[in-house]
Amino acid sequence: MCGRYAASRRPEDLAGTFEVEKWEPEETLDPDYNVAPTKDVYAVLDRPLKDAESPKPVRQLRRLKWGLVPSWAKTPEGGARMINARAETVHEKPSYRRAFAARRCIVPADGYYEWVTGSAERDLEVEGKKKRPRKQPYFVLPADGSVFAMAGLYEFWRDRTLPDDHPRAWWATCSVITTEAETSPLAVAPAEGPHALADIHPRMPLMLTPDRWDAWLDPARTDVDGLRELLAPPPAGLMRAYPVSTAVSNVRNNGPELLKELEGPEEGTLF
């Protein structure tokens, strides 16, 4: 799954990386090293500009809320539970299938956090000696330091309780697509601990390699079977993972120190 990630790149850098044609400076977000559900995040999407004469899609860097709210939802309350969509079923689930066909985006990140329960902790839990095992967080990122381009979907939801000119009348929300975690060896693995992403968690965000960006963002592509081909996992051996402080487990903690690589798992969280 993807329940927390880091996003510290400047919008100018993202615009250059993704060949963005339009972004609004007033939508600039501060670097966020502990992005959690319901927060505002950056997303790259191809869409005609509002009130533009031309219907031609324009690549934009937009500020969206993480937690997709379908256009037909009566309230936005379920958005916090819809942060992830499974690649295997995204084309058929009522909450996602319309967006999958027409409103796809890329959610850029530095990398994502995932928590693993140490084997010793799991044994204690099974024995009933510890009800709540302490989990060791890992930071997962491209080994070459490039942007982690997560496949995503976006939607617009209208709050009918507010007038058209109200700034909160429209919600723009998004979801990250996940897939089965890689079982192949990491490009760079910790000295002790997991050697594959599947050792940390059975699922991972679907990373799109640059050769798929244009096709994924193109709203003219609506063929479901063709789009599903783009959801194939990236080539193996592109990722690295390392342990980080359990401070990231508290969403109130936010700073570059959360990305600091530890020499090994923290005490009490042995893998």
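Which residues line the largest cavity? The legends below answer this and present further close-up views of the predicted model, in which local features need pLDDT of at least 70, side-chain atom pairs count only at pLDDT 80 or more, and totals for chains, interfaces and linings use all residues. Residues are numbered from 1 along each chain as its sequence is written, and side-chain values use heavy atoms, with hydrogens and water left out.

**Figure 1. Lining of the largest cavity.** The largest cavity is lined by A7, S8, R9, L14, Y42, P108, A109 and D110. The structure holds one cavity of 30 Å³ or more, and the space in the largest cavity is about 50 Å³. A cavity is a set of points, on a 1 Å grid over the protein atoms alone, where a 1.4 Å probe fits but cannot get out; lining residues have an atom within 4 Å of a point. Grid points are joined across faces, edges and corners, and the volume is the space filled by probe spheres set on the points. Five nonpolar, one polar and two charged residues make up this lining. In this classification Ala, Val, Leu, Ile, Met, Phe, Trp, Tyr, Cys and Pro are nonpolar, Asp, Glu, Lys and Arg are charged, and the others, Gly among them, are polar.

**Figure 2. The aromatic pair of F18 and W213.** Nine aromatic pairs are present in the structure. Rings of Phe, Tyr and Trp (its six-membered ring) pair if their centres lie within 6.5 Å; planes under 30 degrees apart are stacked, those over 60 edge-to-face, and the rest tilted. The ring centres of F18 and W213 are 4.4 Å apart and the planes stand at 40°, so this pair is tilted. Because F18 lies in the loop between α1 (11–17) and β2 (22–23) and W213 in helix α4 (residues 213–217), the pair ties together parts that are 195 residues apart in sequence. Helices (H or I, at least four residues) and strands (E, at least two) are DSSP runs, numbered from the N terminus. F18 is buried at 1% relative accessibility, and W213 is buried at 10%. Buried means under 20% relative accessible area, exposed over 50%, and partly exposed in between (1.4 Å probe, protein chains only).

Figure 3. Y113 is buried, at 0% relative accessible area, as is F139, at 1%. Ring pairs join Y113, W115, F139 and Y242 into a cluster.

**Figure 4. Arginine side chains over tryptophan rings.** R104 is placed over the face of W216, 5.6 Å from the ring centre. R168 is placed over the face of W171, 4.6 Å from the ring centre. A charge sits over a ring if NZ of Lys or CZ of Arg is within 6 Å of the ring centre and within 35 degrees of the ring normal.

**Figure 5. Salt bridges.** Side chains of opposite charge can pair when their charged atoms come close. The structure contains 12 salt bridges, each defined by a side-chain nitrogen of Lys or Arg within 4 Å of a carboxyl oxygen of Asp or Glu. D214 and R59 are bridged at 3.0 Å, N to O. Since D214 lies in helix α4 and R59 in strand β5 (residues 58–66), this pair ties together parts that are 155 residues apart in sequence. D214 is partly exposed, at 48% relative accessible area, whereas R59 is buried, at 9%. In the salt bridge of R10 with D13, the closest N and O atoms are 3.2 Å apart, and D13 is partly exposed at 36% relative accessibility.

**Figure 6. Loop residues with positive phi.** Most residues other than glycine have a negative phi. E19, although not a glycine, has a positive phi of about 55°. E19 is located in the loop between α1 and β2 and is exposed, at 59% relative accessible area. T38 likewise has a positive phi, near 80°. T38 lies in the loop between β3 (32–35) and β4 (40–47) and is partly exposed, at 42% relative accessibility.

Methods:
1 Å grid on protein atoms, 1.4 Å probe; cavity = no way out; pocket = protein on both sides within 12 Å on 5 of 7 lines; lining within 4 Å.
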